[in-house]
Amino acid sequence: MIRIDDVARAAGVSTATVSRALRGLPVVSESTRQRVLEAATRLGYIASPSASRLAGGRTGCVGVVVPRITRWFFSTVVEAAERSLHEAGYDVLLFNLGGSEQARLKLLHTGALRQRVDAVIMISMPLLAEDFVAVSRLELPGVTVSSGTPVPGWPSVRIDDVAAARDAVEHLIGLGHTRIARICGKSTDELAFTTHVDRQRGYSEALRQAGLTPDPALEVEGSLDLAGGAAATEELLSRGVPFTAIYAICDEAAMGALTTLRRHGLRVPEDVSLVGIDDHDLAPAIGLTTVAQPAAEQGRRAVETLLAPTAPESDVLLPTHLTIRESTAAPPSTLEPDTTSRDGERP
């Protein structure tokens, strides 16, 4: 069966553009529309009147739900999704929960979403068992981004957090580190609902595969921001347990760790190597080695998935890659005096 993805490839455009062209939206140039129509005709693809799952919507508006808009990942995803939705002719209604449990319950359980939007993009939202009933009652198309909590009937756009963590820790092990500390999210933090579990698993898997045993004394919780990373590193240093590297499960926590290490007179990477996950906009400026995830691409792909006529048969899994900068090096005992920083990527 010919799918919209086949038409998109044949026409050299995105699936969102195909959807817009076939729906006759004015945001598509006439030349692009003709190219899409020719590709659809050549492949025998026929879009039904309800080709988009948003067809027949009442509001022309898509709701985007985030736990906290102030965090880099969330704001990056939202901005990319908003731009794509506007290009497709939809308005965006942002629901920023601000970490409030009351706001989450009100949004999901009072029908506020259903009354105001035609579809939902839910970013890194922790859902409890009772929430699934509320979401199903919305009777709206939707997509989740970066969520380990699948919503029945909703596709998901995400990365493999386990693999990303494994890549980060394997990089440190490859440099010769065996005492690798970990800054993880707090189990009570809504932002760490699934991410910290998966990235903890990747850390443990990488150590065990290298014949190393995870040491609880080297694992410390912290909120997923600069203050949390700084406080977690302070706690780690106060324990007096030796380590030569820190793996932080997000770049913002890694940046906080960097400030504490410097305050204690420790050099990065000469004394302690440091690696994160995300490739935050500031990561290149501070030379942070990190596992880059395509945050903006997740927002764009979420919109493409939402505008497609049918949900994909499996999750949309986007790749990550290790980006090596100046914050990682061999452990102090094996450093050569003339060691220089490296810059490169591993697919």
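Student: What share of the contacts in the protein chain with a separation of 6 or more comes from residues 24 or more positions apart?

Tutor: Good place to start, and keep in mind that this is a predicted model. Take the contacts in the protein chain with a separation of 6 or more, and pick out those between residues 24 or more positions apart. Their share is 71%.

Student: How many helices and strands are there, and what percentage of the residues count as buried?

Tutor: The protein chain has 13 helices and 13 strands. It holds 347 residues, and the part of them that counts as buried is 52%.

Student: Which residues touch the most other members of the largest nonpolar core?

Tutor: Helices H8 (161–174), H9 (195–209), H10 (226–238) and H11 (251–263) each give two or more residues to it, and so do strands E6 (180–184), E8 (245–248), E9 (273–278) and E12 (321–324). In general, nonpolar side chains tend to be buried together in soluble globular proteins. Of the 38 residues in this core, those that touch the most other members are Val169, Ile180, Ile183, Phe243, Ile246, Tyr247 and Leu274.

Student: Leaving out residues up to four places away in sequence, what does Leu274 touch?

Tutor: Leu274 is one of the core residues that touch the most other members. With residues up to four places away in sequence not counted, Leu274 touches Ile246, Ala254, Ala257, Leu258, Val268, Leu288, Thr289, Ser327 and Thr328.

Student: Which residues does the second, separate core include?

Tutor: This core has 27 residues. Among them are Val64, Ile121, Val143 and Leu307.

Student: Why do the buried residues of H1 line one face of the helix, and which helices do they pack against?

Tutor: In H1 (residues 4–11), the buried residues are Ile4, Val7, Ala8 and Ala11. Seen down the axis of H1, they fall within an arc of 100°, so they line one face of the helix. The helices they pack against are H2 (15–22) and H3 (30–43).

Student: How are H2 and H3 placed relative to each other, parallel or perpendicular?

Tutor: Their axes come within 9 Å and cross at roughly 95°. The contact is made by Thr17, Val18, Arg20, Ala21 and Leu22 of H2 with Thr32, Arg33, Val36 and Leu37 of H3. From that angle, H2 and H3 are therefore roughly perpendicular to each other.

Student: Is the crossing of H10 past H11 left-handed or right-handed?

Tutor: The axes of H10 and H11 come within 6 Å and cross at roughly 50°. That angle makes H10 oblique to H11. Residues in the contact include Leu226, Gly229 and Ala230 of H10 and Glu252, Ala253 and Met255 of H11. As H10 passes H11, the crossing is right-handed.

Student: Which peptide bond is cis, with omega near 10°?

Tutor: Most peptide bonds are trans. The cis bond, with omega near 10°, runs from Val268 to Pro269.

Student: Is Glu139 buried or exposed?

Tutor: Glu139 lies in the loop between H7 (129–138) and E4 (142–145). Its phi is near 55°, a positive value in a residue other than glycine. With a relative accessible area of 62%, Glu139 is exposed.

Student: And what is the phi of Asp279?

Tutor: Asp279 lies in the loop between E9 and H12 (283–286). At 22% relative accessibility, Asp279 counts as partly exposed. Its phi is positive, in a residue other than glycine, and is near 65°.

Methods: Residues numbered from 1 in each chain as written. Predicted model: local features only at pLDDT ≥ 70, side-chain atom pairs only at ≥ 80, totals over all residues. Heavy atoms only, no water. Core = buried A, V, L, I, M, F, W, Y, C linked by side-chain atoms within 4.5 Å. Buried < 20%, exposed > 50% of the residue type's maximum accessible area, 1.4 Å probe, protein only. Helix = DSSP H or I, 4+ residues; strand = E, 2+ residues; numbered from the N terminus. Contact = heavy atoms within 4.5 Å. Arc of directions from axis to C-beta. Axes fitted to C-alpha atoms, helices over the stretch in contact; angles between N-to-C directions. Parallel < 35°, antiparallel > 145°, perpendicular 65-115°, else oblique. Left-handed = near helix turned anticlockwise from the far one by under 90°.
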